[in-house]
Each structure stands twice: as structure tokens, then as C-alpha cells.
Amino acid sequence: MALPAAAASTEEPTREQLIADCASGEGKCTFNEPTLGKAYLGDFRQVSDSLYNCSTSDASQSMGWADTVGATDSVGVSVTAGGKIAGIIDLSVTATYSHTWTSSHTENSSLNMTVKPGEVGWISRAQVMQKVSGTWQTHYDSPKWDHYYWFVPETVTGPAPNGTDGQSNAVIVKSRKMTAEEKASCSADSKQGRSFVVKR
């Protein structure tokens, strides 16, 4: 909850209103006393098309993949790369820790994968993530909600550089058995001379 700089007002802004004023520039904002949490490996998610092996032998193919991981605030709202909010956080982290903080990370490459008959394969990736906690300080030239200053505690989760705190990004090939419906569709593809099918 937003905390006033003085005695409580009968009307208080919501967290969303204060952050919106930071983003628009109506409030002069700083992100005070940033604290970086320990880096950790985020969840794996599919970053490639799926390879359905409709044949009776192993199917191999080079598959391209691409992944963009962004930052989110404490209520799950995206912190847009290149936006004012992301810029203020980066400025604060850089001043405190002498290294930049980024709100978005993109990678792409390709990987050879082999899928067994009757299975579906795909590429998954997990990004090293890190939380940064601090307090938004919003300063108004004229009192707003009866105060010049408002404070909002905040924690933002975003991508961290590979190797941070000994954590490494991971790219793996995953597979599973086809469902009955997928097998039926696969049989139709096989009759058309396709031994394996690539689908999103």
C-alpha cells in the first residue's frame, strides 16, 4: 500500500495510480535502496515448434528456437524494456551495484533433436532470473492526495545475465508420447508421405 510522507489523508492513491504517474512523468520518481535477490533458474517453457514423429524409426531434424523473457512487477504487470519505469530501476541498480539491470533478454539458436516413433519433441528453455526490491518515491510539484511525496514498496522480477550467482541458462530437448488424437492425425500425414510433421 502507498505510504504518505506525513499524516494519513482521507483519500489515498492506489499503487497503480502512483506507478502510472511515474511512467507518465507527472510524478518525479526514484527507485530507492534497490536490493538484488539471489539469482535462480526460472521455469522451463517451450521455445520451438513441435516435431511429431509419424514414422516407425527415429526422426532427427535441426530445430530453430527463439525466446524473449521480460520483467514483471509485484502484481505481474510487464515492465516494458525501454520504458520510463525500467529506465528508473536500471539507473538505481547501476548506481548501487555498478552494473546494469535489464528488463528484457532475447536469445535464439538451433538444436539438433531426435524424436522416437509415436512421440512429440520440442525445445524448452529456462532463463536465469533475479528479483530486485526497493521503494518507489513519487514527488509532486504540487500536493496530490494532500501530499508532495508518496512511497510504494516494490519487487520486480527480471532476467539476469547468464552465470549470475553461479546459475546458467538452460536449453533442453523434451518429448512425450502422442495422444490418441495426435496419432490419428499422424496416420493421415504418414499416408501423404510425411514421416514427421512440424507444428506449433
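Does Asp 67 count as buried or exposed, and at what relative accessibility? At 5% relative accessibility, Asp 67 counts as buried, where buried means under 20% relative accessible area, exposed over 50% and partly exposed in between (1.4 Å probe, protein chains only). The model is predicted, with local features requiring pLDDT of at least 70 and side-chain atom pairs counted only at pLDDT 80 or more, whereas totals for chains, interfaces and linings use all residues. Residues are numbered from 1 along each chain as its sequence is written, and side-chain values use heavy atoms, with hydrogens and water left out.

**View 1. Salt bridges of Asp 67 with Arg 45 and Arg 125.** A salt bridge is a side-chain nitrogen of Lys or Arg within 4 Å of a carboxyl oxygen of Asp or Glu. Arg 45 meets Asp 67 at 2.7 Å, N to O. This pair links distant parts of the chain, Arg 45 being in strand S4 (residues 45–46) and Asp 67 in strand S6, 22 residues apart; helices (H or I, at least four residues) and strands (E, at least two) are DSSP runs, numbered from the N terminus. Arg 45 is partly exposed, with a relative accessible area of 38%. The side chains of Arg 125 and Asp 67 form a salt bridge of 2.8 Å, N to O. Because Arg 125 lies in strand S9 (residues 119–126) and Asp 67 in strand S6, the pair ties together parts that are 58 residues apart in sequence. Arg 125 and Asp 67 are both buried.

**View 2. The salt bridge between Glu 154 and Arg 15.** The two side chains meet at 2.3 Å, N to O. Glu 154 belongs to strand S11 and Arg 15 to helix H1 (residues 15–24), so the pair ties together parts that are 139 residues apart in sequence. Both Glu 154 and Arg 15 are buried.

**View 3. The hairpin of strands S10 and S11.** Strand S10 (residues 128–144) pairs with strand S11 (residues 147–159) in the antiparallel sense over 12 bridges; pairing requires that DSSP finds at least two bridges between two strands. Ser 133 has Thr 155 in S11 as its bridge partner. With 2 residues between the strands, the hairpin includes Trp 145, which takes a positive phi near 55°.

View 4. The side chains of Ser 55 and Asn 53 are joined by a polar contact of 2.6 Å. Such a contact is a pair of N or O atoms within 3.5 Å; within protein, one must be able to donate a hydrogen and the other to accept it, and residues adjacent in sequence count only if both atoms are side-chain atoms. A polar atom of the Ser 55 side chain also lies 2.8 Å from the backbone oxygen of Ser 57.
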